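I opened this model to look up its nonpolar cores, its charged pairs and a few loop positions. My entries are kept in the order of the look-ups.

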Amino acid sequence: KPYNVDEINKKIVELANKKHPRLLNIGFNIRSDYYYSFIKKIFSGLGCQCEYLRFNEFDNTKTVESKFKRADIIFLPGGNTLNYMKQVRKFGLDKYIIDAAKRGVVLSGISAGAIMCFDAGCSDSRKNECESGKFLKVAGLGLEKGLIAPHFSNSGRPNDLPRMLKGCKKNTVAFGIDERAALVIEDDSYQ
């Protein structure tokens, strides 16, 4: 069922289990500056203290460590999954994201950001290079087991997900997430 996005955002804040959680938005490119202004407005209105890790700060270890250490929620935006994963690995952000997850920090990802959290995802990162209608299977950080396909019902992903599953271990779980919908994972339960 499609949810009101406000309900999803409230759930993200609720999961942090703090009165005024600190939300860290990761900005992977120049467009992220504009996107962050919306995220800040929304989540500040829900009681969050918002911080922004801008792409030109990724090589400043002290800044990265400090911002990740303070975060109660990490917001991973949508965009080019392949590019994001290259940046995450190049600058060592993967170890900070994984450490945050182990500490119980709420990870929230939209599209490419969601794919980053799983073993892999169905991505259109190379849509101009792909065979007509085919999506790429892009490896994520493996924080959650399985394969995820964002924008599921309004794309060709329903056709490509079974193809991608063929290359996975037996009994691999796959999630097709529609627009304005969310997958909430708490411990071993899915909602």
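The entries below start with the cores and go on to strands, salt bridges, loops and a surface patch.

**Entry 1: the main core.** I note at the outset that this is a predicted model. I looked up the largest nonpolar core and found 30 residues in it. Those with the most contacts inside this core are Ile26, Leu53, Phe68, Ile74, Leu93 and Met116. I then listed the elements that give two or more residues to this core: strands 1 (22-26), 3 (73-76) and 8 (174-177), and helices 3 (61-70), 4 (81-90), 5 (93-102) and 6 (112-117). Which of the elements gives the most to this core? Helix 6 does, with 5 residues.

Entry 2: I took Phe68 and asked for its contacts, leaving out residues up to four places away in sequence. The list holds Leu24, Ile26, Leu53, Ile74, Leu93, Tyr96, Ile97 and Arg103.

**Entry 3: strand 1 and strand 2.** I checked how far strand 1 is covered. It is largely enclosed by the rest of the structure, because 4 of its 5 residues are buried. Strand 1 pairs with strand 2 in the parallel sense, over 5 bridges. Within this pairing I noted Leu23, which stands opposite Cys50 in strand 2.

**Entry 4: strand 7 and strand 8.** Strand 7 (residues 144-150) also has a parallel pairing, with strand 8, over 4 bridges. Leu147 has Ala174 of strand 8 as its bridge partner. Which residues make up the covered face of strand 8, and which the uncovered one? Phe175 and Ile177 form the covered face, Ala174 and Gly176 the uncovered one. The general rule I set beside this is that side chains in a regular strand alternate between the two faces of the sheet.

**Entry 5: salt bridges.** The count came to 8 salt bridges. I went through three of them.

- Lys11 and Glu14 meet through their side chains at 3.4 Å, N to O. Lys11 and Glu14 are separated by about one helical turn, because they are 3 residues apart in helix 1 (residues 5-16). Glu14 counts as exposed, at 53% relative accessibility.
- Lys18 and Asp72 meet at 2.8 Å, N to O. Lys18 is in the loop between helix 1 and strand 1 and Asp72 is in the loop between helix 3 and strand 3, so the pair ties together parts that are 54 residues apart in sequence. Lys18 is partly exposed at 47%, whereas Asp72 is buried at 13%.
- Glu51 and Arg70 meet at 2.5 Å, N to O. Glu51 belongs to strand 2 (residues 49-53) and Arg70 to helix 3, so this pair ties together parts that are 19 residues apart in sequence. Glu51 is buried at 13% relative accessibility, and Arg70 is partly exposed at 32%.

**Entry 6: two loop residues.** I looked up Pro77, which is in the loop between strand 3 and helix 4. Is Pro77 buried or exposed? Pro77 counts as buried because its relative accessibility is 2%, under the 20% cut-off. Leaving out residues up to four places away in sequence, Pro77 touches Ile26, Phe28, Tyr35, Tyr84, Ile110, Ala112 and Gly113. From Pro77 to Met116 I noted 9.9 Å, C-alpha to C-alpha, for a pair 39 residues apart in sequence.

Gly104 I found in the loop between helix 5 and strand 4 (106-109). Gly104 counts as exposed, with 54% relative accessibility. The C-alpha atoms of Gly104 and Asp72 are separated by 8.1 Å, and the two residues are 32 apart along the chain.

**Entry 7: a surface patch.** Tyr34, Phe38 and Ile42 make a nonpolar patch of about 330 Å². Phe38 lies in helix 2 (residues 31-44) and counts as partly exposed, at 42% relative accessibility.

How values were computed:
Residues are numbered from 1 along each chain as its sequence is written. This is a predicted model: local features need pLDDT of at least 70, side-chain atom pairs count only at pLDDT 80 or more; totals for chains, interfaces and linings use all residues. Side-chain values use heavy atoms; hydrogens and water are left out. A nonpolar core is a set of buried Ala, Val, Leu, Ile, Met, Phe, Trp, Tyr and Cys residues joined through side-chain atoms within 4.5 Å. Buried means under 20% relative accessible area, exposed over 50%, partly exposed in between (1.4 Å probe, protein chains only). Contact means heavy atoms within 4.5 Å. Patches are made of residues with over 30% relative accessible area and no salt bridge: like charges are joined within 9 Å, nonpolar side chains (Val, Leu, Ile, Met, Phe, Trp, Tyr) within 5 Å. Accessible areas come from the Shrake-Rupley method with a 1.4 Å probe; for residues, only the protein chains shown count as cover. A salt bridge is a side-chain nitrogen of Lys or Arg within 4 Å of a carboxyl oxygen of Asp or Glu. Two strands pair if DSSP finds at least two bridges between them.
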